[in-house]
Amino acid sequence: MMMLTSKESEKLFVDGLKTGLLLQIGGIGPICLLVFRLSLSLPLSKLIIGIIGITLADVVYISLAVFSISAIIKKLKSYQRIFDVVVGTVLITFGVLFITAGHVVDSPSFQGRDLFLWLFGLTIANPITILFITGIFSLEISKRNMDLKKSGVFAFGFLLATPIFMIFVCLVGSIVGRFLPSIFVHIINAIMGCVLIFLGIRSIRNREMKEMKNATGRCKRTIQKK
């Protein structure tokens with residue numbers, strides 16, 4: 001395996017970082033919204049552990065893509081229905097909590113190890129993570145015809161985009177939280193709660209709609225054969 005020059009490494013790293021940042025911006029979803037809402041009340045120092053959880057979840061899927069462990073990825077996708085229901089249920093719960101008791105983010109459940117576990121679990125089961133990381137990242141590796149070493153450098157830049165973007169979201173939320181009167185925070189709680197409930201319902205319903213379409217398609221094919 002040939003050694004990479006510093007220029008090649010730098011280009012791969014930057015390309016990976018740019019791709020990752022574009023993916024973060026284009027794939028803003030429930031995890032990002034949750035982090036933003038939490039940052040209105042919690043300092044960055046307490047949110048860092050949650051950002052580490054999100055990043056480690058990305059590491060899992062990036063590693064699978066880098067080492068081309070397609071069998072495991074397919075196996076995970078086969079459990080997507082369960083993931084969708086779990087994520088949808090948790091998002092609906094968060095949404096209801098934000099609407100009815102926005103101060104819940106100040107509780108111990110949203111700090112330390114519990115925050116890490118919440119965000120790690122949500123991210124690793126999030127359909128957006130599975131689709132984008134295993135899909136787009138794998139596509140980039142294939143399109144650029146990268147070997148293990150090149151894909152590793154590209155993956156490092158790609159992965160670094162996650163904490164950079166999430167820290168940026170936290171900083172924006174922290175600044176906004178300082179200047180917003182408490183009444184506006186309550187309004188944001190209600191809006192965020194409604195959005196999370198909507199995303200949760202959609203996560204559950206989307207899978208049901210796909211299953212109905214697949215069942216309808218199978219029925220049509222069976223009728224046509226007869």
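Phe 120 is partly exposed, with a relative accessible area of 25%. Here buried means under 20% relative accessible area, exposed means over 50%, and partly exposed lies in between, with a 1.4 Å probe and protein chains only. This is a predicted model, in which local features need pLDDT of at least 70, side-chain atom pairs count only at pLDDT 80 or more, and totals for chains, interfaces and linings use all residues. Residues are numbered from 1 along each chain as its sequence is written, and side-chain values use heavy atoms, with hydrogens and water left out.

**Aromatic pairs**

Phe 120 has a ring partner, Phe 116. Both residues lie in helix 6 (residues 112-125), four residues apart, about one turn of the helix. Helices are DSSP runs of H or I with at least four residues, strands are runs of E with at least two, and both are numbered from the N terminus. Phe 116 is buried, at 19% relative accessible area.

How is such a pair described? A pair of aromatic rings is described by the distance of the centres and the angle of the planes. Rings of Phe, Tyr and Trp (its six-membered ring) pair if their centres lie within 6.5 Å; planes under 30 degrees apart are stacked, over 60 edge-to-face, and the rest tilted. By this rule there are three aromatic pairs. Two of them are set out here.

| Pair | Centres apart | Angle of planes | Class |
|---|---|---|---|
| Phe 13 and Phe 156 | 5.7 Å | 35° | tilted |
| Phe 116 and Phe 120 | 6.0 Å | 10° | stacked |

The pair of Phe 13 and Phe 156 links distant parts of the chain. Phe 13 sits in helix 1 (residues 6-26) and Phe 156 in helix 8 (residues 148-179), 143 residues apart. Phe 13 is partly exposed, at 24% relative accessible area. Phe 156 is also partly exposed, at 49%.

Beyond its neighbours within four places in sequence, Thr 19 is in contact (heavy atoms within 4.5 Å) with Glu 140, Arg 144, Phe 154 and Phe 158.

Why is helix 2 (residues 30-39) described as largely enclosed by the rest of the structure? Eight of its 10 residues are buried. Among them are Pro 30, Cys 32, Leu 34 and Val 35.

**The cores**

In soluble globular proteins, nonpolar side chains tend to be buried together. A nonpolar core is a set of buried Ala, Val, Leu, Ile, Met, Phe, Trp, Tyr and Cys residues joined through side-chain atoms within 4.5 Å. The largest one has 24 residues. Leu 34, Val 35, Phe 94, Leu 122 and Met 166 have the most contacts inside it. Helix 2, helix 3 (44-66), helix 5 (80-100), helix 6, helix 8 and helix 9 (182-225) each give two or more residues to this core. Another core, of 17 residues, lies apart from it and includes Leu 12, Leu 23, Ile 133 and Ala 155.

Leaving out residues up to four places away in sequence, Met 166 touches Gln 24, Cys 32, Val 35, Ile 51 and Ile 54.

**Cysteines**

How many disulfides does the structure hold? It holds zero, where a disulfide is a pair of cysteine sulfur atoms within 2.5 Å. For Cys 32, the nearest cysteine sulfur is that of Cys 170, 9.0 Å away. Cys 32 is buried at 10% relative accessibility, and Cys 170 is buried at 2%.

**The whole chain**

The chain has nine helices and zero strands. Buried residues make up 41% of its 226 residues.
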